[in-house]
Amino acid sequence: MTEMMEDGVRRRDFITIAATGAGGVGALGAVYPLVSQMAPSADVLAESTTEVDVSAIEEGQSIKAVFRKQPLFVKRLTAAEIEKAKSEDGADLREPETLADRTQEGHEDILVVMGVCTHLGCVPLGAAEGEDKGEYDGYFCPCHGSHYDVAGRIRKGPAPTNLLVPEYAFTSDTVIQVG
Amino acid sequence: MSFPWAKCYEPNTAIERWLDERLPLPRLIYGCVGMGYPVPRNLNYMWNFGVLAGFFLFLQIITGVILAMHYAANADVAFATTEHIMRNVNWGWLMRYAHANGASFFFIVIYLHIFRGFYYSSYKAPREMIWLLGVVIFLLMMATAFMGYVLPWGQMSFWGAKVITGLFGAIPLVGEPLQVWLLGGFAPDNAALNRFFSLHFLLPFVIAGVVILHIWALHIPGSSNPTGVEIKQESDTVPFHPYYTAKDGFGLGLILLFFAFMVFFLPNTLGHPDNYIEANPLSTPALIVPEWYFYPFYAILRAFTFDFLFIPAKLMGVLAMFASILIWFILPWLDKSPVRSARFRPLYRTFFWVLMADMALLFYLGGAHAEEPYIMLSQIATAYYFLHFLVIVPIISQIEKPAPLPFSITEAVLGKDDGAVLDGADATPAKLAGASA
């Protein structure tokens, strides 16, 4: 069994490396499904778009819809709120975005944001009547004290970014499709 | 055990001899927690908490396995089956209250066990590995307790899960996909509940495994003691059984009185009333707090409301929270003082109590609302916490002048040790003869 090749490499060395290598590749292949099974399943992914009718929302009113099992705030801004948001476009923002960046052209009064604080995922207050809107008249997260302004931009507290504006489109003048 | 005077197991009956030759399990027990394990004779009641922690792990596994027989890990019925356990299952209320309060008591005894380690510097050579394994056990306990709290699927369960998995979302680049992967969805739901149940069932057995390693590592050098002076001779020790089985048994009796009082008279005091409201993804409770035993670390998480050294506030809070525990891993190398026990370290003793006060403050702040003055106080307390481990302990261990140590455990207990000799030149034959005369 001590067949030595000319360069000093034994037949056994080749077999050991080949077998370990093939076994290693096989083991990695087996790990993939073990990891992947934890990702969202097909039924969870299937619920990933939502339609919202915005015609019934009055000026200054917000509604809470559900998008991917998480709250979605749809708000019709008043003229005064639009003015206030625009006047603060140039303020010292943690994540600079103008109101125009965060709404769609021709629908500047409709603000669609995820009702999920960008800190650790609590639902901010301010969408329902009588709730604390925070120091900037927008949304206030009670968990760790993040304050968002009228346009849902982070102004104070631990949250790193503005409230997320999900991908959405107006399918008609009054209906948006989110996702 | 390595002490030459340790008693050896001697099988007396034929059946014991038969078993000893095939599976020497009685020999193992005799050597670990029986008459074959010599232990310092001067252990105080702070040395009870290891055994007590073992007891509460055992209790959690027993009550937990029973609860799993009646509970269903499905988001539609999880809350209902929890109430089913409380109302319909024979003695179900007792099992659940014992399990919920058992978790609290497990943490109480573990914290006292860890603080004992701080005070007497139990982590120092040659016991670093015991300490490291202990920190691993603590981390596993935190993961297990967190996932267990999600299972009743109440409001605090849901929002706790959301906030804690949100921690992973703070990691740059991979954070969001990682969070979705951990939850199996975009928010906690059935997938998350199921996997948390599976892991909550598994992890206690992993803990039990690491506990065995912890005890194994302990039996290499043997137990530490309140003087911090190593065992020198047989008169420094007594056998674990019956001396410490009795002492631990007495301590167990005391804590069980306290435990029974909580289970039977104040079963929900340590919990949160919001968890008796079913999980609602669209409504956040006014104050989201974890279970009380996470308060100090939660306060550290919330202390970072500003960007720090170009690291965003959110990520910094997460890093600080994990670092506050991971820092314990390097404690044996931060504290370079050759003296173990704080009894002989006046400066360290003072700062130990300052740390305890700081942790008590963090504990209070972790349960408070996220508003001033609590935020500023959390920032100060967090800064001090890290200052203690990274600056104060290393400096003290360099500059402190320790008090004189006793020659041996025997001398510390009896006031004199006939076998005591001075090191080096003084240990001449004449002196030795004088000492024995």
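A residue counts as buried if 20 or more other C-beta atoms lie within 10 Å of its own. The model is predicted.

## An enclosed strand in chain A

By that cut-off, 4 of the 5 residues of strand S4 of chain A (residues 110-114) are buried, so S4(A) is largely enclosed by the rest of the structure.

What does S4(A) pair with, and in which direction? Its partner is strand S3 of chain A, residues 70-76. The two strands run antiparallel and are joined by 5 bridges. Within this pairing, Arg76(A) stands opposite Ile110(A) of S4(A).

## Make-up of chain A

Chain A contains 4 helices and 9 strands. Read from the N terminus, the order is α-α-β-β-β-α-α-β-β-β-β-β-β.

Among contacts in chain A with a separation of 6 or more, 45% link residues 24 or more positions apart.

## Overall form of chain A

How does the radius of gyration of chain A stand against that of a compact globule? Chain A has 27 Å, whereas a compact globule of 179 residues would be near 16 Å. The C-alpha trace spans about 90 × 35 × 30 Å along its principal axes.

Domain 1 of chain A covers 1-39, and domain 2 covers 45-178. Their C-alpha centres lie 54 Å apart. Of the 179 residues of chain A, 31% count as buried.

## Where chain B meets chain A

The contact brings together 30 residues of chain B and 24 residues of chain A. H7(B) gives the most, with 5 residues. By class, this side of chain B has 17 nonpolar, 7 polar and 6 charged residues.

## Helix H7 of chain B

Is H7(B) mostly covered or mostly open? It is mostly covered, with 13 of its 14 residues buried.

At 1.5 Å a residue, its 14 residues should span 20 Å. The end C-alpha atoms of H7(B) are 21 Å apart, which agrees.

Methods. Residues numbered from 1 in each chain as written. Chains lettered and ligands numbered in written order. Predicted model: local features only at pLDDT ≥ 70, side-chain atom pairs only at ≥ 80, totals over all residues. Domains from an automatic or database assignment. Contact = placed C-beta atoms within 7 Å. Nonpolar A, V, L, I, M, F, W, Y, C, P; charged D, E, K, R; others polar. Expected span 1.5 Å × (residues − 1). Buried ≥ 20, exposed ≤ 12 C-beta atoms within 10 Å, placed from the backbone. Rg over C-alpha atoms; globule rule 2.2 N^0.38 Å. Pairing = 2+ DSSP bridges.
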